Amino acid sequence: MDLKELYQEIILDHGKNPRNLRKTENFNKDAKGHNPLCGDNVHIYLKLNENKKVEDISFEGHGCAISMASASIMTDLVKGKEEAEVKEIVNDFLDMIKEKEELQNKILNEDEKTKLMCLSGVKQYPMRVKCATLSWHTLTSAIDDFQKIVNTES
Amino acid sequence: MDIDSIKKEFPIFDNKVQNNDLVYLDSANSSQKPRVVIDRIYDFYSKEFSNVGRSVHYLAVAATNLYENTRTSVQRYINAKDKNEIVFTKGATEAINLVANTFGQKYLEEGDEVLLTELEHHSNYVPWHFLRNSKKIKIEFAEINEAGEITIEAIKNKITSKTKIISVTHLSNVTGAILPIKEIVELAHSKNIPVLVDGCQGAPHLKLDMQELDCDFYAISGHKMYGPTGIGVLYAKKKWLDDLPPYQGGGGMINEVKKSGISYGELPNKYEAGTMATAQVIAFNESIKFMEKVGIENIEKHEKELLDYGLDILGKNNSIKIVGNPKNKGGVISFTIEGVHPHDIATILDEDGVAIRAGHHCCQILHEKLKLPATARASFGIYNTKDDIDQLSQSIENCKKIFNI
């Protein structure tokens with residue numbers, strides 16, 4: 001295992017200075033996520049326009065460098081995408097973290113994919129995978145208007 | 001005391017963990033096991049196994065005697081007055097649930113108050129919370145002071161005419177504060193209030209004397225005392241065990257069962273329904289004998305030295321904030337590093353073989369009070385050395401380096 005792969009510069013940067021760490025005004029979708037083992041909390045706010053495009057996305061919460069960086073990078077990447085595209089990116093990311101070597105989607109460009117792949121270091125740390133995926137599951141929940149709080153343990 | 005030779009009695013340290021020597025600083029969570037305990041489980045299953053308390057064949061009688069020998073050892077270890085005041089449970093959690101359930105059933109009514117403290121582990125809050133729903137009782141929390149301690153005044157402030165039981169930890173698994181149990185018991189008894197002590201962190205690290213402490217209930221976890229998992233002890237004064245209803249029903253706890261009614265067994269059977277964790281109970285005897293051989297005074301002294309050394313080393317590090325500063329403190333150091341989340345600390349330390357815990361340590365009430373979502377915690381056992389603390393300190397430096405602090 002290699003700590004440098006887990007804590008890459010980009011992760012440390014996003015972890016320290018998370019982008020979109022705020023609350024979207026006039027959001028029309030939101031969801032909360034909770035990791036009871038760590039105590040990590042995330043609340044995702046989403047504003048979809050009439051064409052179902054992500055006009056704005058933001059999050060509030062606290063957690064480790066991995067979870068903050070993951071939420072930060074995620075919100076950066078899905079902004080401006082259409083709802084269906086967002087879902088495809090989320091599923092692709094979760095597949096990659098679980099088993100696949102590479103990202104498969106054709107929505108993100110190479111630079112964006114490289115950025116996202118920085119999170120793949122958690123694959124070597126099974127206990128930390130949940131830190132990286134919490135905000136992504138919560139985003140799905142927000143899009144689907146799922147009322148229950150996302151819980152990493154259920 | 002020769003720690004090196006004591007450490008050699010723990011096989012876990014014979015092997016590398018991810019190519020590192022193990023620096024185990026998570027004993028408040030669960031302690032490692034000496035060879036005698038591990039071997040005892042193997043031997044019992046290999047040569048002596050039988051269920052206890054039922055059959056008359058040779059193995060059953062021998063196993064029953066072994067099982068009861070542990071009860072005698074526990075009685076001796078905690079200086080209980082009567083052997084039948086020792087009830088085996090699956091852990092301290094079950095011991096507390098047993099009291100909350102049976103005492104609650106018999107003595108708690110709507111509006112009655114149970115007094116806990118802000119230091120309590122979830123296992124000494126959730127069982128009482130059940131009664132908040134079922135019996136509409138109230139739960140009060142004695143507040144910590146700046147040092148992360150519970151003073152006798154903090155308890156006094158929360159006692160009312162409605163307080164029916166006080167349930168407090170002996171030693172906080174986060175701040176390390178050792179509570180003034182004797183004073184709390186004296187105060188409570190002067191108002192006819194019984195006291196339960198959550199002894200999860202007390203029993204492995206402090207000399208215990210139930211007759212001197214005079215508490216009504218004391219919950220013990222076996223796996224934190226160098227013993228197997230799946231075994232705990234509820235010490236309860238005989239008058240309570242005679243008085244309270246049984247907790248679980250099943251085989252072994254009955255006297256006579258008829259269609260028209262059931263009478264319950266004598267102590268200690270009354271509270272030990274079903275087949276118990278027999279092998280673990282028998283192996284737990286070895287943990288107690290191991291601790292007696294080392295000597296609880298020596299354990300206390302050794303862990304105090306480690307604590308003082310650890311507080312000194314970590315206290316000199318400006319990036320580290322130690323959580324709580326109790327005058328009377330056990331071998332637990334919870335800390336935070338400005339700019340590094342405790343989970344990241346734990347992952348980075350693990351890379352060097354340093355095993356600590358990060359999170360809320362099952363104490364969300366306390367962490368909310370401290371306004372900390374999580375802390376990192378190093379906790380000590382008999383096998384730890386000053387070298388372990390030096391390694392901890394060095395790995396913390398690595399942490400800071402990775403996070404550019």
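**Domains, helix packing and chain contacts in a predicted model**

Chain B is divided into domain 1, covering 39-292, and domain 2, covering 295-402. The model is predicted. Taken over C-alpha atoms, the centres of the two domains of chain B lie 28 Å apart. Contact between them involves 24 residues of domain 1 of chain B and 23 residues of domain 2 of chain B. On the domain 1 side of chain B, the touching residues comprise 11 nonpolar, nine polar and four charged.

Two helix pairs of chain B were examined. Packed helices are described by the angle between their axes and by the distance between those axes. Helix 4 of chain B spans residues 92-107. Helix 5 of chain B spans residues 126-134. The axes of helix 4 and helix 5 of chain B are 8 Å apart, and the packing angle is about 25°. Angles under 35 degrees count as roughly parallel, so helix 4 of chain B is roughly parallel to helix 5 of chain B. Their crossing is right-handed. Helix 4 of chain B contributes Ile96(B), Asn97(B), Ala100(B) and Gly104(B) to the contact. Helix 5 of chain B contributes Pro127(B), Trp128(B), Phe130(B) and Leu131(B). By class, this contact holds six nonpolar, two polar and no charged residues.

Neighbours within four places in sequence aside, Trp128(B) is in contact with Ala100(B), Val114(B), Leu116(B), Ile139(B) and Ser167(B). Among these, Ala100(B) belongs to the helix 4 side of the packing described above. Trp128(B) and Gly249(B) are separated by 121 residues in sequence. In space, their C-alpha atoms are 21 Å apart.

The second pair consists of helix 12 (residues 342-350) and helix 14 (residues 386-402) of chain B. Their axes come within 9 Å and cross at roughly 120°. Roughly perpendicular runs from 65 to 115 degrees, and roughly antiparallel applies over 145. Helix 12 and helix 14 of chain B are therefore oblique to each other. The crossing of helix 12 and helix 14 of chain B is right-handed. From helix 12 of chain B, Ile345(B), Ile348(B) and Leu349(B) take part. They meet Ser395(B), Asn398(B), Cys399(B) and Ile402(B) of helix 14 of chain B. Five residues of this contact are nonpolar, two are polar and none is charged.

The two chains also touch. Chain A supplies 14 residues to the contact and chain B supplies 12. On the chain A side, 10 of the residues are nonpolar, three are polar and one is charged.

Within chain A, Lys29(A) was considered in its local setting. Lys29(A) is found in strand 1 of chain A, residues 29-35. There are 19 other C-beta atoms within 10 Å of Lys29(A). A buried residue needs 20 or more, and an exposed one has 12 or fewer. Lys29(A) is therefore partly exposed. Leaving out neighbours within four places in sequence, the contacts of Lys29(A) are Leu46(A), Leu48(A), Ala142(A), Ile143(A) and Asp145(A). Lys29(A) and Glu82(A) are 53 residues apart along the chain. Their C-alpha atoms are separated by 14 Å.

Note on methods: Residues numbered from 1 in each chain as written. Chains lettered and ligands numbered in written order. Predicted model: local features only at pLDDT ≥ 70, side-chain atom pairs only at ≥ 80, totals over all residues. Axes fitted to C-alpha atoms, helices over the stretch in contact; angles between N-to-C directions. Helix = DSSP H or I, 4+ residues; strand = E, 2+ residues; numbered from the N terminus. Left-handed = near helix turned anticlockwise from the far one by under 90°. Contact = placed C-beta atoms within 7 Å. Nonpolar A, V, L, I, M, F, W, Y, C, P; charged D, E, K, R; others polar. Domains from an automatic or database assignment.
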